Amino acid sequence: MHNLIRMDLYRMGKARSFRVCLILAFVFSLASTPLARLLYLLGKALSPKDVLPFPEKAGLCGMIASPASALAVMLALLSTVSFFHADVENGYIKNIAGQMPRKGYSILSRYLASVPHNLLFFVTGLAGNLIGTLLFQKITVEGSVPDSLAVFLLKLLLMQGLCAILLLVTATFRNKSLGMILAVVLGLPLMTLIYLGINAGLQQLLGDGFDLTLYMPDQLLKEDRPDTLRSVLAGAVTIGVFLPLAVKVFDKRDIK
């Protein structure tokens with residue numbers, strides 16, 4: 001398994017889609033503060049009295065707790081889908097499946113390789129944001145850095161929950177198109193209207209106080225500081241359901 005993970009990491013690093021998505025994630029993060037500054041200057045030129053002053057300082061802790069924008073998350077998920085499907089797309093899986101005790105090990109290996117993949121996207125997004133912010137604002141340490149790092153890890157867990165869903169759809173069911181669609185709607189995120197529709201039905205059974213969006217990984221991921229317990233439960237349950245299912249179903253399917 002160790003060698004299989006190393007091999008997957010090597011293939012991932014060589015993939016063009018991974019490099020392109022990582023560069024774009026950095027560029028978008030880098031441009032975030034300059035774009036906000038530009039919009040401020042345009043607003044000030046058009047209506048000086050109605051525009052609030054541009055902040056002179058930015059908090060480091062807030063940046064650590066929100067390392068990746070919605071666009072960066074979407075790009076990370078798109079890169080993940082491409083990586084998950086590469087074995088099937090290029091016929092590579094046929095060469096190694098027969099050499100393993102279980103075919104599902106190849107699925108598990110790809111999922112484990114997605115952990116450093118997502119971590120790298122988070123660090124890249126944070127680095128781009130820091131560089132772009134330093135051009136226009138002074139970065140100060142306000143709040144607790146350890147607490148912010150804990151939120152950083154919580155969001156990484158939520159990302160792994162989303163990747164477990166994409167793994168089942170893309171690698172196990174071999175549907176890259178659906179995986180790409182899910183990567184976009186989960187990354188941006190665009191599932192809110194669907195959750196509201198499901199909420200309407202569930203509230204008839206569970207009462208008006210129930211809100212599905214409070215427990216969905218994509219919705220928690222977009223929050224600045226999501227609730228710790230709900231985030232851990234959402235990430236753990238999603239991984240615990242979709243990852244074993246992806247491995248089990250793949251084990252029973254014929255490799256084509």
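**Inside the helix packing**

Mentor: Start with Asn 118. Leaving aside residues up to four places away in sequence, Asn 118 touches Ala 76, Thr 80, Leu 156, Met 159, Gln 160 and Cys 163 (contact: heavy atoms within 4.5 Å). This is a predicted model, where local features need pLDDT of at least 70, side-chain atom pairs need 80 or more, and totals for chains, interfaces and linings use all residues. Residues are numbered from 1 along each chain as its sequence is written, and side-chain values use heavy atoms, without hydrogens or water.

Asn 118 sits in helix H6 (a DSSP run of H or I, at least four residues, numbered from the N terminus). Its relative accessibility is 0%, so Asn 118 counts as buried (under 20% relative accessible area, 1.4 Å probe, protein chains only).

Now the core. The largest nonpolar core holds 51 residues (buried Ala, Val, Leu, Ile, Met, Phe, Trp, Tyr and Cys joined through side-chain atoms within 4.5 Å). Leu 77, Phe 121, Leu 167 and Leu 186 have the most contacts inside this core. Helices giving two or more residues include H2 (16–46), H4 (70–90), H6 (104–134), H7 (145–172) and H8 (176–187). H7 gives the most, 12 residues.

Take Phe 121. Beyond residues up to four places away, Phe 121 touches Phe 18, Cys 21, Leu 22, Ala 25, Ala 72, Leu 75, Ala 76 and Ser 79.

Next, H2 against H6. They pack at about 30°, axes 7 Å apart (axes are fitted to C-alpha atoms over the stretch in contact; angles run from 0 to 180 degrees between N-to-C directions). H2 is therefore roughly parallel to H6 (under 35 degrees). The crossing is right-handed (near helix turned clockwise from the far one by less than a right angle). On H2, Phe 18, Cys 21 and Leu 22 are among the residues in contact. On H6, they include His 117, Leu 120 and Phe 121. The contact divides into 11 nonpolar, 9 polar and no charged residues (Ala, Val, Leu, Ile, Met, Phe, Trp, Tyr, Cys and Pro are nonpolar; Asp, Glu, Lys and Arg charged; the others polar, Gly among them).

Last, H7 against H8. The angle is about 160° and the axes are 8 Å apart. H7 and H8 are therefore roughly antiparallel (over 145 degrees). Their crossing is right-handed. H7 contributes Leu 162, Leu 166, Val 169 and Thr 170. H8 answers with residues including Lys 176, Leu 182 and Leu 186. This contact has 7 nonpolar, 2 polar and 1 charged.

Technical notes: Buried means under 20% relative accessible area, exposed over 50%, partly exposed in between (1.4 Å probe, protein chains only). Angles under 35 degrees count as roughly parallel, over 145 as roughly antiparallel, 65 to 115 as roughly perpendicular and the rest as oblique.
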